[in-house]
Amino acid sequence: KINDAAVVSTPNDGNTSVNRKHRLAYDVERVVQEHLTYVREEISDGWDLIHQEGEMKVYRREVEENGIVVDPLKIFHSMKGVTGHEICQYFWDYQYRMEWETTLDSTKIIEVLDPDTVIFFQMHKRVWPAAQRDSCFWSHIRCISNSEEDQPTWLVVNYTTPHHLAPIKSPHVRLVANVALICETIINEPPLNIQDIKRENIECKLTYVAFVNPGGWVPSAALRSVAKREYPRFLKRFTSYVLEQTRDKPILF
Ligand code: 14H
């Protein structure tokens, strides 16, 4: 049977994404728009800079809900040599995931909703003194053109959803997450001809935001110290992986 969603949708075509009518299309649209609205928000009172390394700045706001740590996290980073499209593609595409993820035991796609939206089921490593966590979330990649001259913004959103193929089974606890990676590409000293752009002329400004609820009680201090260590480690490892993978490949704008 031909997949209707795949036939009618036009992958990565920018601002016209509600032409794909899978059951989560409106959910995806709502969450994407929310991230786009807040991405430019300045760091204000209540956000602590918890890690800084080169261009990377990791901020966190301490928040608890019913005694459970749900600290929002924001990372700003800037790197030379890769485009936003490349960063987002490597983050979204499941075939590379286990090469840069160090906090997962497994990852699998349990449903393809359209060419840009899939549902993942992942088993996380047990890194804190608590039950092992799993997650089930839709993952959507999108390109948004802002103007004719500027490079488009690329983003990936991962957002928890229930799924009949991923029932919650004790002793595992389900993480609840709303995570976005948003990338802008800047061309420094643009040559007249687009074909002459070299990797040294390109720069990517990325924002990573994570709202993760551990889904059950975890000792606050342990969770905060794991988060403080693991988020910067993830971003460093992931970005150097993308640099290494793309170095000798043609630039993907
Ligand atoms: O964003 C990251 N990874 C993606 C791709 O695997 C999945 C992620 C996600 C997480 C949880 C639920 C759904 C989706 O978006 C990189 C994540 C790095 C995580 C660092 C470890 C943080 C430890 C604190 C977690 C608190 C939960 C007890």
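Q: In which loop is the place of Glu189?
A: In this predicted model, Glu189 has a phi near 45 degrees, which is a positive value in a residue other than glycine. Its relative accessibility is 71%, over the 50% cut-off, so Glu189 counts as exposed. The place of Glu189 is in the loop between strand 11 and strand 12.

Q: Which residues lie closest to the centre of the largest cavity?
A: A search of the whole structure finds two cavities of 30 Å³ or more, and about 800 Å³ of space lies in the largest cavity. The lining of this cavity is made by 35 residues, which divide into 21 nonpolar, eight polar and six charged. The closest to its centre are His124, Leu175, Tyr208, Val212 and Tyr231.

Q: Which element gives the most to the lining of the largest cavity?
A: The elements that each supply at least two residues of this lining are helix 4 (94–100), strand 7 (117–124), strand 8 (133–144), strand 9 (153–160), strand 11 (176–187), strand 12 (202–213) and helix 5 (220–246). With seven residues, the element that gives the most is helix 5.

Q: Which parts does the pair of Tyr208 and Phe234 tie together?
A: The count of aromatic pairs comes to 14, and one of them is formed by Tyr208 and Phe234, a tilted pair with 4.9 Å centre to centre and 55 degrees between the planes. Because Tyr208 and Phe234 lie in separate elements, the pair ties together parts that are 26 residues apart in sequence. Both residues are buried. The parts in question are strand 12 and helix 5.

Q: Which residues form one aromatic cluster with Tyr208 and Phe234?
A: Tyr208 is among the residues closest to the centre of the largest cavity, as is Tyr231, and both of these tyrosines belong to the cluster. The residues that form one aromatic cluster with Tyr208 and Phe234 are Phe91, Trp100, Tyr231 and Phe238.

Q: How many residues of helix 3 are buried?
A: The buried residues of helix 3 include Phe91, together with Gly84, His85, Glu86, Ile87, Cys88, Gln89, Tyr90 and Trp92. Helix 3 spans residues 84–92 and is largely enclosed by the rest of the structure, because the number of its residues that are buried is nine of the nine.

Q: What is the volume of the largest pocket?
A: The largest pocket is lined by 20 residues, with His35, Arg61, Pro72, Asn178 and Phe211 nearest its centre. Helix 2 (25–38), strand 5 (73–80), strand 11 and strand 12 each supply at least two residues of this lining, which has twelve nonpolar, three polar and five charged residues. The volume of the largest pocket is about 410 Å³.

Q: How many charged residues are in the lining of the second largest pocket?
A: About 350 Å³ of space lies in the second largest pocket, and of the 16 residues that line this pocket, the closest to its centre are Val39, Phe76, Lys205, Leu206 and Thr207. Strand 2 (56–61), strand 5, strand 11 and strand 12 give two or more residues to this lining. Alongside six nonpolar and three polar residues, the number of charged residues is seven.

Q: What distance separates the C-alpha atoms of Arg60 and Lys74?
A: Arg60 has its place in strand 2 and counts as buried because its relative accessibility is 7%. Leaving aside neighbours within four places in sequence, the contacts of Arg60 include Trp47, Asp48, Asp71 and Arg224. Arg60 and Lys74 are 14 residues apart along the chain, and their C-alpha atoms are separated by 6.3 Å.

Technical notes: Residues numbered from 1 in each chain as written. Predicted model: local features only at pLDDT ≥ 70, side-chain atom pairs only at ≥ 80, totals over all residues. Heavy atoms only, no water. 1 Å grid on protein atoms, 1.4 Å probe; cavity = no way out; pocket = protein on both sides within 12 Å on 5 of 7 lines; lining within 4 Å. Points joined across faces, edges and corners; volume = space filled by probe spheres on them. Helix = DSSP H or I, 4+ residues; strand = E, 2+ residues; numbered from the N terminus. Nonpolar A, V, L, I, M, F, W, Y, C, P; charged D, E, K, R; others polar. Buried < 20%, exposed > 50% of the residue type's maximum accessible area, 1.4 Å probe, protein only. Phe/Tyr/Trp six-rings, centres within 6.5 Å; stacked < 30°, edge-to-face > 60°. Contact = heavy atoms within 4.5 Å.
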